[in-house]
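Open the model in your viewer and keep the sequence panel beside it. The stops below each give a selection and then what is found there.

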Amino acid sequence: METAVLLRSSNKLIFNPRHYSPHNFFRLLSSSSISSSSLTPLNPHRSINPLTSRSLPRRRKLIPPSATSSSSSPSFHFNKHHFSTLSPHAIATPYSLDASTVPDEVAAKYGFEKVSGEFIGECKSKAVLFKHKKTGAEVMSVSNDDENKVFGIVFRTPPKDSTGIPHILEHSVLCGSRKYPLKEPFVELLKGSLHTFLNAFTYPDRTCYPVASTNTKDFYNLVDVYLDAVFFPKCVEDYQTFQQEGWHFELNDPSEEISYKGVVFNEMKGVYSQPDNILGRAAQQALFPDNTYGVDSGGDPKVIPKLTFEQFKEFHGKYYHPSNARIWFYGDDDPSERLRILSEYLDMFDASSAPNESRVEQQKLFSEPVRIIEKYPAGDGGDLKKKHMICLNWLLADKPLDLETELTLGFLDHLMLGTPASPLRKILLESGLGDAIVGGGIEDELLQPQFSIGLKGVFEEDIQKVEELVMSTLKKLKEEGFETEAVEASMNTIEFSLRENNTGSFPRGLSLMLRSISKWIYDMNPFEPLKYEKPLMALKARIAEEGSKAVFSPLIEKFILNNPHCVTVEMQPDPEKASHDEAAEREILEKVKASMTEEDLAELARATQELRLKQETPDPPEALRSVPSLILRDIPKEPIHVPTEVGDINGVKVLKHDLFTNDVLYAEIVFNMRSLKQELLPLVPLFCQSLLEMGTKDLTFVQLNQLIGRKTGGISVYPFTSSVRGREDPCSHIVVRGKAMAGRVEDLFNLVNCVLQEVRFTDQQRFKQFVSQSKARMENRLRGSGHGIAAARMDAKLNVAGWISEQMGGVSYLEFLKALEKRVDQDWAGVSSSLEEIRISLLSKNGCLINMTADGKNLTNSEKYVSKFLDLLPSKSSVEAAAWNAQLSPGNEAIVIPTQVNYVGKAANIYDTGYKLHGSAYVISKYISNTWLWDRVRVSGGAYGGFCDFDTHSGVFSFLSYRDPNLLKTLDVYDGSGAFLRELEMDNDTLTKAIIGTIGDVDSYQLADAKGYSSLLRYLLGITEEERQKRREEILSTSLKDFKEFGEVIEAVKDKGVSVVVASPEDVDAANKERSNYFDVKKAL
C-alpha cells in the first residue's frame, strides 16, 4: 500500500511493478503507455502491484508515460507463463442502445428514481444516474457494448487519525460475510473466477471496491460477494480478523520476546522504509494540517497499535452504509438487472446521517509558506552527503476547480514536466544539482489540487540552489511562455491519449469510474469528468485566439508564484534511523511484557496459538461451496485466436494482425541482440534511453522529442530477454514500439529511422544525467520492489537469460551504474564509442522483424512505409552470435538494505530434474500461492504477500514474499510446499475452481495492441497454436494426481534451491547466527 490507492490483485509476478495512480481526466484515460500490455517493460512511473495481496501505490503520480512523446525502459525479463496471454472468453449479453434504457416503472419497482441521464459521446455510452429512494444511495449505470463489465462501490471514509482504520477495514471486510461465511471469499474468487479485475483501493478519503469480468454470470457472482462483504462483513464481530489484518501482540512462548504482527502493520512498515513515500506523506500532511488529509489513511506503524476493535467496528457502522455509497455499473449487461441486484441489499437499510459526517472539509489557504525537515532511513555506505531530497509543494486552491481550469492545468503540467524535453524537468536535471525528479507535478484526485516538484540525490549545501532554480524557472516560464512546437506536441500527445482510450490491462470502465468518482465523491456532477470534448475544444480555441502565453502564464502566476500556501519538505538521510525505530519499538514491547503477569503471558501465548490455528485450518467444504462459481462447461475448450499473417517485405519477416484499433497503427520493430559483446550488455538500457533523449546533427533532443509528440502517439525502446524452452541460447532483442494515427504512419517510421540511425552519442552531460537517474531509480526499486530484485538475482544464478536481465536491471546493474558514473568523467570517448558499437551490432536487416496491429486497410497502406524504412537499414551478410555464458555464483545471498521488512526468495530449475512441462503446473502453482503460501506467509506469517512463480521458458520455479517480517521462517514454509501437495486432498468443486481461475489468468483481457504484442512474443519464443491448444487441454484436465506428483518435482527447490533475500542487516545477522553463515552478505545501499 502506498498513500492513496490500495490494490489487491492476483498472484502474478511482473518483474517490476508499475506505479498506477488513479488519476483524473486525460491522465487516467491514458493509463497505458506506448509499451502497455501484460508484458510492459520496466517503467518507474506506476504500478498495479501483482501480489497475492493488495498493494497501495503511492497517490502522488509521476508524469504518466502515456502523456509523454517518448520513453525508454530498462530491461524486462520475460517471466512466468505469458505464452498464453490471449483475449478473454466472453459470454456477453447482446447489446443495443435501446436495451440500455430502464423504464421508470422498472426503476420504481426496485426502489429507484432516475435523477438524470445523457449519452456520453467520448466513451460511446449511455449514462444514467439513479437514486435509491429509501437510503439515498446513488448509482451510475453506464451502458455500452464493452464486454469487460465493471462494478464498483465506493464509500467516503475520512479518518481522524493515523491508526489506518480505512485501510485495515478494507482488508478485513473481504474476510468473510453473512452469505459467504468462510475465512476469505476474496481468495476463493482469486482461485476460481474469470475476473479481469478484482481488488480494493484505500484513498486518503474514500475506499473503493471494484470488480470486472467479461463473463456475465461470473460478473454477477463477483458483484454479490462484494456487496455482501461491504454491508455484512464478519470482521465487525470477529476480533481475530482485526488482529490478523490490522495488528496484534504475538508471543509464541512466555520466555520469548513479544512482537507486533499484522498484515497492514507490516505493509506500512515497508511503505515507511521508502524515502519517496515518506516524502509524499510528509508533504500531504503538511499541506492539509486541518482536514482528513493531515493524517495517514493507510496507517503509520507507530500509531497503528493504538487502534482498538471498538473504534474499528464503529467506523464500519458509521461509513459503510448505502446512504454514504456511490455505486457504479458499466458494460453490456442488462441495466434493469443491475437495479434488481442492488435493491436486494439496499432495501434492508434506512437512511442515515453518514453523508453529513463523512463530508471532507476544505483546507483554508496559508498566509505564509511552511518548511519542514524529515529524516529517512539510509544505508551507512556510500556518500550520504549527496542523499538529501528537497520538494516544493503548493496547495493550488481553497476549493475544487472547474473542469476547464483543471484541464488547462493538466496541459500546463505536461508542458512543464511531461517529457524529457519539458523545460522544468530538463532544467532541473541538467543543473547537476540532483539525480532524479521527485514530486511529479499536478495532483487533482483529492478535494483540492496540488503541485509538487523537487530533486533527490542532492548535496546538503545545494538544497537552497534547487529551491531557487525551481522558482526562477517557473518565473521564466511565466514571462516567456512555451515554444509553439512544445504546445503542439503536448496537445497532440494528450488528444491522442484521450481518443485512443488505451487503458492497457486496466478495464476501461474502471478508469472511467475513478475519473467520475473524483468529483462525484465530493457531491459534484459525476457526468462531467467523463466529457473532455467540450473543454478540450474550448482550450484549443483559446490557445489559437489568445496564444499559449496568455492561457498558461496567468495560471503559473496565480496558482504557484503568488501562492503563499507552499510547503517545502527537506529530507535528510539518517543511517541510524532504521535501528533507532526498531529499538524504540522493542522498548515499547519490553514495557508491555514487563507490565504483564505470568497468567497474562500464558494467556497471550495461548491466544497467539489460537489465532494461528484458526489461520491455518482450512474452511469446511460447505463454507467453500457458498461462494458462487462457474462450471467447466462455461469455459471454452480452445484458446482465443489472434489473427496473424506472416509475410515478407524486402526480405524481412513481417507479422500482421488485422484487428479493429480505431484508426491507430501499433508497430514493433525487433532487432536481434545476440551479436552484442557480453561486456556491453549492462550499457543497453542507457543506449535505449540515449536514442530517445539525445539529438541528431540537425535536431536538438528537444526538437526531436517535440516532433515525436506532434506526429505520433509515442515511441519507446527497450531490451527484451527470455529463456526459450528446450534451447540453450536465450531469446534477446531490442524492441522499438511506436503508434500513430493511420494518416501519420509515414511520420512514425521516418522518426523511428531518425532515432535509430541519426541520433548522436556526443552529449556527455546528458548521458551522465541518465546514469544518475537510473541509479536513483534502482535504489528506489531495491527498497520498494525487493521481491523483483531477489527474483532477478535468483534467475541470474540459474540461467543465462536471467543473468542478462540482472545485468540490465538488478543489483549488478546498480553496481555497474556506480562505476559508470566515474567512467563517464574519465573516459567519455570510450563510453560514447561503446554506445556506437551497440548500434552497429544491433542495426541490421538480418534478424530484424516487424510486427503491426491495425485493421486490414491500414496494414496494407502501411507496407510502403515499412519498405522504405527497411531499405534504409544496413545489411550484414550474417549476424554472428556472441558468446554469452555467464551466470552468478550459485550460493545463498542476502542483499542488505536499511528496511523494516524483508523480501524472501528461493528458487531452483525444475527442468534440470527431468520435469517435462505439463499444463497442470499453471493450476498447481496458482493453487500453492492462493492456499499454502497465502495462509502461511501472509495470514499467519504477517507478510504483505507470498506467492510462487513458474517461468515455463527457463524452468525456474521460485517462491517470493513481499514486505515480510520473517526470514528463515518463510524459507521453512517454502520448503514445506512439496509435502503440502503430496498430502493434499481436495473435492471436485475445489479442483474445478482452481482450473477456472487458471483459465482466467491465461485468458487475461487484452486490448488490440496487447493482442498483437502477445502474438509477437509467442512468435519470438517459438510457441505454436498447437502447443497453446495442448497446454489448455492439460489445464482443463488437471487432476489431484497431478498435484501430488508435482509435490515431488518441487522438492528440488527445497533440496537444491538457491535463496536470495533483500533484508535488514539485523535480520540477516540473526539468520546467519541461527544457521551458520547461511547467507553470503552483499551490502547494496
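Begin with the largest pocket, whose volume is about 1200 Å³. The model is a predicted one. To centre the view, select Glu257, Ser259, Pro965, Asn966 and Asp1067, which lie nearest the centre of this pocket among its 32 lining residues. Then colour the elements that give two or more residues to the lining: strand 13 (259–261), helix 7 (263–271), helix 19 (577–594), helix 32 (968–975) and helix 39 (1065–1074). Which of them supplies the largest share of the lining? Helix 19 does, with six residues. Colouring by residue class shows 15 charged, eight polar and nine nonpolar residues in the lining of the largest pocket.

Next, select residues 571–820. An unreviewed UniProt entry lists this span as "domain: Peptidase M16C associated". In the model the span is 51% helix and 18% strand, and its end C-alpha atoms lie 26 Å apart.

Now move to strand 19, residues 566–574. Is this strand mostly covered or mostly open? Strand 19 is mostly covered, with nine of its nine residues buried. Show the side chains: Cys566, Thr568, Glu570, Gln572 and Asp574 point one way, while Val567, Val569, Met571 and Pro573 point the other way.

Strand 15 (residues 370–377) pairs with strand 19 in the parallel sense over eight bridges; to find one of the contacts, select Glu374, whose bridge partner in strand 19 is Met571. Strand 16 (residues 388–395) pairs with strand 19 in the antiparallel sense, over six bridges. Here select Ile390, which has Glu570 as its bridge partner in strand 19.

For the last stop, select the cysteines. How many disulfides are there? The count is zero, where a disulfide would need two cysteine sulfur atoms within 2.5 Å. Finish at Cys235, which is buried at 0% relative accessibility. Its sulfur has its closest cysteine sulfur in Cys175, 7.3 Å away, so this pair too is too far apart for a bond.

How values were computed:
Residues are numbered from 1 along each chain as its sequence is written. This is a predicted model: local features need pLDDT of at least 70, side-chain atom pairs count only at pLDDT 80 or more; totals for chains, interfaces and linings use all residues. Side-chain values use heavy atoms; hydrogens and water are left out. UniProt positions are given in the numbering used here, feature names are shortened, and annotations may be inferred rather than shown by experiment. Helices (H or I, at least four residues) and strands (E, at least two) are DSSP runs, numbered from the N terminus. Buried means under 20% relative accessible area, exposed over 50%, partly exposed in between (1.4 Å probe, protein chains only). On a 1 Å grid over the protein atoms alone, a cavity is a set of points where a 1.4 Å probe fits but cannot get out, and a pocket is an open set with protein on both sides within 12 Å along at least five of seven lines; lining residues have an atom within 4 Å of a point. Grid points are joined across faces, edges and corners, and a volume is the space filled by probe spheres set on the points. Ala, Val, Leu, Ile, Met, Phe, Trp, Tyr, Cys and Pro count as nonpolar, Asp, Glu, Lys and Arg as charged, and the others, Gly among them, as polar. Two strands pair if DSSP finds at least two bridges between them.
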